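Dear colleague,

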Amino acid sequence: MNRSGTPRTGSMRSHSPLATLMEGVRADVVVRQLAVPFSDLRERVSTACRPVDAGAVLRGPDGVRVIGEVKRADPARGPLADVPDPGALAAAYVAGGAAAVSVVTEQRRHRGAQRDFDAVRATVDVPVMLRDFVVTEYQVWEARARRADLLPLMAAALPGRKLERFLHLAEDIGLTPVVEVHTEEQVTRALAADARIIAIDARDPHTLALDPDAFAKLSAPVPPHVIRIAQSGITTPADATTLREAGADTLLVGAALGTSPSPAALVTSLAEVSGAAAGES
């Protein structure tokens, strides 16, 4: 740990894609904090409207929910799409039936920006996730100040009790935290921290390898009252059906939607097929 309490790069496999990404995130947070001090964020939060309870939106009796993600690139696949109008893309997701929208704001590896989130927030009424890679308390307050409803907390980037501390901070200021996990140990930590929503990511953040069986392997110990999100590698209705049958309540879909010629239709097909599969079980 360094003085600020953030994990050193060596704790996350030195020189791995995740470690490199975290270094950039920390540097960018320093710049943003110089521009907007912590005191300003707290003042904005104190006067902001309370976010919706996104957890109630992400699970329903009629099948799986879909979170459509707005992003231009990712470390595994490189550039994906230009996304000249993030708000319009998010609106297309919602028109297709997306229950929520995620906006990747990390700028170095994903080509995101905070203004992308602002454009989406101003366009859609469904819950919106500000998908940063959170390593500081500043980012938690920043997300709330920008009127995010959901905030992801990656267990791999928040060792020890830091995950629990950030989860409770997010809840205390009105956000709905989503704990992202990649291993059995991280699932255990998420449950110990009383996470209400757990996202099981099929892509290893250190190697970027995709494991299509990750959700089935890691979701078993997650109790029914905890919402289970499946993410990464979801491209077809068949994928959605498989994950729903394995117990997914929600699917987070990014690259497939962002590169689709008809994102609204793809959202609809993902939700309808997996919903039908749920009804047959």
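Arg 196 is partly exposed, its relative accessible area being 40%, where partly exposed lies between buried (under 20% relative accessible area) and exposed (over 50%), with a 1.4 Å probe and protein chains only. Its partner in a salt bridge is Glu 171, at 3.9 Å from N to O, a salt bridge being a side-chain nitrogen of Lys or Arg within 4 Å of a carboxyl oxygen of Asp or Glu. The two are 25 residues apart, Glu 171 lying in helix α7 (residues 162–172) and Arg 196 in the loop between α8 and β8; helices (H or I, at least four residues) and strands (E, at least two) are DSSP runs numbered from the N terminus. Glu 171 counts as partly exposed too, at 26% relative accessibility.

This is a predicted model, in which local features need pLDDT of at least 70 and side-chain atom pairs pLDDT 80 or more, while totals for chains, interfaces and linings use all residues. Residues are numbered from 1 along each chain as its sequence is written, and side-chain values use heavy atoms, without hydrogens and water.

The whole structure holds 18 salt bridges. Lys 71 and Glu 69, both buried, form one at 3.8 Å, N to O, and they belong to a network that also links Asp 74, Arg 131 and Glu 180. Arg 32 pairs with Glu 142, with the closest N and O atoms 2.7 Å apart; Glu 142 is buried, at 5% relative accessibility.

Glu 142 is also among the residues of α6 that meet α2, and the crossing of these two helices contains six nonpolar, no polar and five charged residues, where Ala, Val, Leu, Ile, Met, Phe, Trp, Tyr, Cys and Pro count as nonpolar, Asp, Glu, Lys and Arg as charged, and the others, Gly among them, as polar.

Best regards

Conventions:
Contact means heavy atoms within 4.5 Å.
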